[in-house]
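The report below describes selected packing and pairing features, chain by chain, and gives the cut-off for each term where the term is used.

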Amino acid sequence: MILQAGGISHFYKNDVALDNVNFEANKGDFIAIVGESGSGKSTLLSILSSLLRPSKGELFFEGKAYTLIKDIDAFRQKEVGFIFQFHYLIGYLTILENIKLAAINKKSTYIDTLFKQCGIEAIKDKYPDEISGGQRQRAAIVRALVNSPKIIFADEPTGNLDSHNSQNIYELFKTLSKSGTTIIIATHDRNVSEYVDKIIEVKDGKIL
Amino acid sequence: MISLFFKALNRNRFKTFLIYTSITVAITAIFMITSISRGIIGMYSTMLKTEGDIIVTQAKIADTFFSDVNASLTSTIQKITGVKEVYALILGASPINDLPIAAIYGVSENRFKTYALIEGVYPKKGEVILGKNINARLHSPKFVSISNKTFTVSGIFENGVGFEDGGAVLNREDASAIFNKEASILLVSIERNTDANALMQHISALSSDIEAKTTHEFVENYNQFKIIETSSNVISAVAFLMGLLGIASLISITINERRSEFGILRAIGKSSNFIMTMVVGETFVITCVGFISALLFSKALLFMIAHIEKFQGYVNGQLSVETIITVFCFSLFMALLGALLPAYSASKIDPIILIQRGAL
């Protein structure tokens, strides 16, 4: 088991965002967390990816508690890739500079391979505001993949994309999961069911 | 990393420009206030310290301009062992021609040598030598009118001291007739290895109307200098504090606005130390650029002010290395404080919260 979460609860002041949630993922799983807006799926994804500390509960990565990981930033850089709905590329850096900023090995030829795989080699010297939404999202995917993480988290990765681009991204995730990368996405897109291995539905902060 | 500093600063040119301008203006203001007041003190000190180890003034007098010393003491003091030379000076101010006020120095003949002539000869009775600045201001006159008395201009001098170059020097006797006193001060030049303290006691004992101090001690304790220095220090401190608080808040606001960016950096695995280094680097770069600009602006402004004919060279700022270093250290400290506090507080927040709050 690569990821395990037990008794996760999270509160925003007095509001309960997550209520005693348990979660497990194995190597190569492609899991979709679905639910309505405000159901708690993004909060769960943020907690699982170590971007948010839960109010209660414990998380384990390959059997080791998150709280025992000495350098959580280095852990995020090496083991985790995160794709946001709004790409969140740094605006004053080119696409290539954004990718290199995240990369552990900045001279790796793997960066070029990823650019080709995602079909954005032509825009690597452009700035985020000079390219389309689809290209930005693919650049964000390259950034998430650049260190060959064991798990990729994606929050509404196709939220701003048309159906063609969405399909391409799901297919890319499917390929990655087949090669052993665990993919966990939060989405309200029900079409994801044809690609994923497992769907987890969240409602009012609880897994149904 | 270094290229990242510049890219980040370039990202928001307007805010970078605002911070740069604030730093430059604040530091220039400090430099101008301190250097002009230091310049006034420096010029007066230089004037007194030229061939003057000991200064003799009227006892218990607040200002040398009001001091009245018996000039006959000159010859008595001259006879004391260890005394090299004694100069009698009258320090006054009076209108000259159409100038409403100018410094007038009535000096004993042996003091003339301290005025470096660039033209003409030292003055005899009824003559004056003019400082280079006042001569230019009066358009190189042949005669000048001082307190309704006409004097022939016998020469022009340049000492490099604004107060002297902006004034007129005449015989002590002529000045005595204008200011109704024999001497304002006596300056005593002493031989090497002479015990200055013993000599001062000896001089002070000559008359209960006088007191003798080393020029160094006099300058350190001169009430007028203390007033100028204290006023300038207070004004500088207030300007400095306001300027630096402005810089710190502006940087702080700018850093706060970048919380979302810090959240993204943390999300892709960059450490808090990386972010802090980035912020420190950017702040250091902008503070240094602002500081260097302020230094150059101040030097240029002081040069211009010193050469404005209207000021007769009286405003001649002195920017000491000590002031430069102190201002740099404080500016950098405040700028870093303004940058590091929000960056540090951001580093303690979970990345996703930073991203969400920053995106709002």
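In chain B, five of the five residues of strand β8 (residues 167-171) are buried, so β8(B) is largely enclosed by the rest of the structure. Buried here means that 20 or more other C-beta atoms, placed from the backbone, lie within 10 Å of a residue's own, whereas 12 or fewer make a residue exposed and counts in between make it partly exposed. This is a predicted model, in which local features need pLDDT of at least 70 and side-chain atom pairs count only at pLDDT 80 or more, while totals for chains, interfaces and linings use all residues. Residues are numbered from 1 along each chain as its sequence is written, and chains are lettered from A and ligands numbered from 1 in the order in which they are written. Helices (H or I, at least four residues) and strands (E, at least two) are DSSP runs numbered from the N terminus.

**Strand pairing**

Two strands pair if DSSP finds at least two bridges between them. Strand β8(B) runs parallel to strand β3 (residues 99-107) of chain B, to which five bridges join it, and Gly106(B) has Leu170(B) as its bridge partner in β8(B).

In chain A, an open sheet of six strands with mixed pairing has the order β6-β7-β8-β3-β9-β10. Because β6 (80-83) and β10 (206-207) of chain A stand at the edges, each with a single partner strand, one side of each is left without a neighbour in the sheet. Within chain A, β3 (residues 30-34) and β9 (residues 198-203) pair in the parallel sense over four bridges, and Val34(A) has Glu201(A) as its bridge partner in β9(A).

Axes are lines fitted to C-alpha atoms, for helices over the stretch in contact, and angles run from 0 to 180 degrees between N-to-C directions.

| Helix pair | Axis distance | Angle |
|---|---|---|
| α9(B) (residues 223-256) and α12(B) | within 8 Å | roughly 30 degrees |
| α11(B) (residues 272-306) and α12(B) | 9 Å | about 150 degrees |

The angle makes α9(B) roughly parallel to α12(B), and α11(B) is roughly antiparallel to α12(B); angles under 35 degrees count as roughly parallel, over 145 as roughly antiparallel, 65 to 115 as roughly perpendicular and the rest as oblique. The crossing of α9(B) and α12(B) is right-handed, and α11(B) likewise passes α12(B) in a right-handed crossing, a term for the near helix being turned clockwise from the far one by less than a right angle, with anticlockwise giving left-handed.

Residues are in contact if their C-beta atoms, placed from the backbone, lie within 7 Å. The contact of α9(B) with α12(B) involves, among others, Phe240(B) and Leu244(B) of α9(B) and Phe330(B) and Ala339(B) of α12(B), and by class it has 14 nonpolar, five polar and no charged residues. Ala339(B) is also among the α12(B) residues that meet α11(B), whose own contributors include Val279(B) and Phe291(B), and this contact has 15 nonpolar, five polar and no charged residues. Here Ala, Val, Leu, Ile, Met, Phe, Trp, Tyr, Cys and Pro count as nonpolar, Asp, Glu, Lys and Arg as charged, and the others, Gly among them, as polar.

**An exposed loop residue**

Glu191(B) lies in the loop between β9 (185-190) and α7 (196-204) of chain B and counts as exposed because it has 12 C-beta neighbours inside 10 Å.

How values were computed: Two residues are in contact if their C-beta atoms, placed from the backbone, lie within 7 Å.
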